[in-house]
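Subject: Structure handover

Hello,

Here is the structure for your files. Please open it next to this note, as my findings follow below.

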Amino acid sequence: LVLRSFLYEPFQIPSGSMMPTLLVGDFILVEKFSYGLKDPVLRHKFWDVGSPERGDVVVFKYPENPNIDYIKRVVGLPGDKVIYRNKQIFIKPACDLPEQSQCPALEPVEMNFEARGEFYHGMVPLERYSETLGDVHHDILKNPAAYRSVEPYYQQPGTQQDEWLVPEGEYFVMGDNRDNSRDSRFWGFVPDDNLVGKAVAIWISFEFDRPPSSAVPSWIPTGVRFSRVGGIQ
C-alpha cells in the first residue's frame with residue numbers, strides 16, 4: 001500500500017499515442033514522488049519535491065474525466081508560449097526579465113528525420129523523427145498522409161487556434177505519435193494537482209500479435225519483448 005501510494009505504481013500502456021517511445025503491451029513504472037507526495041485519497045500535496053521538466057513523460061488524471069489515467073510528454077511549462085503549426089512545435093519559454101528584449105525568442109523544437117516504414121497506421125508507413133525537448137532526446141512519429149484541421153483544437157481566449165499560453169501551475173502535454181494522440185491540443189492543460197508521477201522505466205513488455213480469427217483470447221500474450229525493458233527517454 002505504501003509502495004503504490006507514495007513511491008512507485010505500475011501502469012499498462014493501452015494505446016499507441018506514445019509510439020515509438022511506448023508501445024501497446026508495455027508495462028511501466030511511474031515514480032509517484034517525483035513531483036511531490038500526495039494524499040492517495042484526496043490527492044492533496046503535503047510535500048513538494050519538484051516539478052515536471054520539459055520532455056518528461058508523465059502520468060496524470062485526465063482533466064475531462066479524472067477517473068482515467070493518461071500518459072503524455074511535457075512540452076510546455078508554466079508561462080511558456082507553445083505553437084503547433086505544420087506539424088512543428090515552436091516554444092517561447094517563460095521569461096520574467098525586466099527587459100523583454102533579453103527574453104528567449106520563439107524557436108522551433110529541433111527535429112531530424114530518421115526513418116520511414118518501421119511503424120504503420122493502417123496501410124500508411126509512418127515517418128520517425130528525433131526530437132529534442134529541453135535535455136531530453138527522443139523519437140516521435142508523423143503520418144505524412146494525415147491532415148488535421150485546427151478547428152478541433154482547444155481555443156484559449158486571446159490566442160490563435162494553433163497557439164497556447166501555459167497558465168501558472170499547469171502544463172501542456174503531447175503524445176509522441178503526433179497524428180494519433182488526443183492531448184493538450186484538443187482539451188487544454190494539465191493542472192499540477194492532476195499529476196500522478198513520472199514514467200521512469202519499462203519493467204516488462206508483451207506482444208499481442210495474434211490474428212482476429214485465432215481461438216486464443218486476445219489478452220493472452222504471444223511473446224515478451226525483453227529488448228524494451230529499461231529506462232524511458
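First, a term: a residue is called buried when its relative accessible area is under 20%, and exposed when that value is over 50%. Also keep in mind that this is a predicted model.

Which strands pair with E6? One is strand E5, residues 57-61, joined to E6 by 5 bridges. Another is strand E14, residues 170-174, joined to E6 by 3 bridges. E5 and E6 run antiparallel. E6 and E14 run antiparallel too.

In E6, Arg73 stands opposite Val57. In E14, the bridge partner of Arg73 is Met174.

Next, the open sheet. It has 4 strands in the order E9-E8-E7-E13, with antiparallel pairing. Strand E9 (107-108) and strand E13 (163-165) stand at the edges. Each has a single partner strand, so one side of each is left without a neighbour in the sheet.

Where does E13 attach? Its partner is strand E7, residues 81-85. The two pair in the antiparallel sense over 3 bridges. Within that pairing, Val82 stands opposite Trp164 in E13.

Now the whole protein. It has 2 helices and 18 strands. The radius of gyration is 19 Å, close to the 17 Å that the globule rule gives for 233 residues, so the protein is as compact as a globular protein of that length. Along the principal axes, the C-alpha trace spans about 65 × 45 × 30 Å.

On burial, 45% of the 233 residues are buried. Residues 24 or more positions apart account for 54% of them.

The accessible surface comes to about 12400 Å². Carbon and sulfur atoms hold 54% of that surface.

Best regards

How values were computed: Residues numbered from 1 in each chain as written. Predicted model: local features only at pLDDT ≥ 70, side-chain atom pairs only at ≥ 80, totals over all residues. Heavy atoms only, no water. Rg over C-alpha atoms; globule rule 2.2 N^0.38 Å. Buried < 20%, exposed > 50% of the residue type's maximum accessible area, 1.4 Å probe, protein only. Contact = heavy atoms within 4.5 Å. Areas by Shrake-Rupley, 256 points an atom, 1.4 Å probe, with all protein chains shown as cover. Pairing = 2+ DSSP bridges.
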